[in-house]
Amino acid sequence: QVQLVESGGGLVQAGGSLRLSCAASGRIFSINTMAWYRQAPGKQRELVAAIFSGDNTNYADSVKGRFTISRDNAKNTAYLQMNSLEPEDTAVYYCTADLTLIGRQEKFVYWGQGTQVTVSS
């Protein structure tokens, strides 16, 4: 069984910072890409940031320069450091992991249950 558990969400004022964590657990052989998505009420889910196995990263234009994604492979954990938060960043943030289980060859994308980030104006 694989679980992705997000933490670090909450309420913050505009201009503030939050650090989200995503810990993957289970019989994991390897994790390829980890990513953060977000979905605001009434809006489509969008990719916020992704980090690949070689530590290459990709960011949405709206967060570039403000957010930083990182990973700790020893802990199977990804982080999203969010600075200079804006009300438009308010959303449920979801962590994903593209991973391979021990004893298997297939790759699957797993999703966490999400953590709420609310930025007040």
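My pairing rule first: rings of Phe, Tyr and Trp (its six-membered ring) pair if their centres lie within 6.5 Å, and planes under 30 degrees apart count as stacked, over 60 as edge-to-face and the rest as tilted. I'm working on a predicted model, where local features need pLDDT of at least 70, side-chain atom pairs count only at pLDDT 80 or more, and totals for chains, interfaces and linings use all residues. Residues are numbered from 1 along each chain as its sequence is written, and side-chain values use heavy atoms, with hydrogens and water left out.

I got three aromatic pairs by this rule. One of them is Y37 with W111, tilted, at 5.1 Å centre to centre and 40° between the planes. I placed Y37 in strand β4 (residues 28–39) and W111 in strand β10 (residues 107–111), so this pair ties together parts 74 residues apart in sequence. Strands here are DSSP runs (E, at least two residues), numbered from the N terminus.

Next I checked W111 against Y94: the centres are 6.2 Å apart and the planes at 70°, so I logged the pair as edge-to-face. Y94 lies in strand β9 (residues 91–101), so its pair with W111 in strand β10 bridges 17 residues of sequence. Ring pairs join Y37, Y94 and W111 into a cluster.

Then accessibility (buried is under 20% relative accessible area, exposed over 50%, partly exposed in between; 1.4 Å probe, protein chains only). Y94 is buried at 19%, while Y37 is partly exposed at 24% and W111 is partly exposed at 38%.

Notes:
Helices (H or I, at least four residues) and strands (E, at least two) are DSSP runs, numbered from the N terminus.
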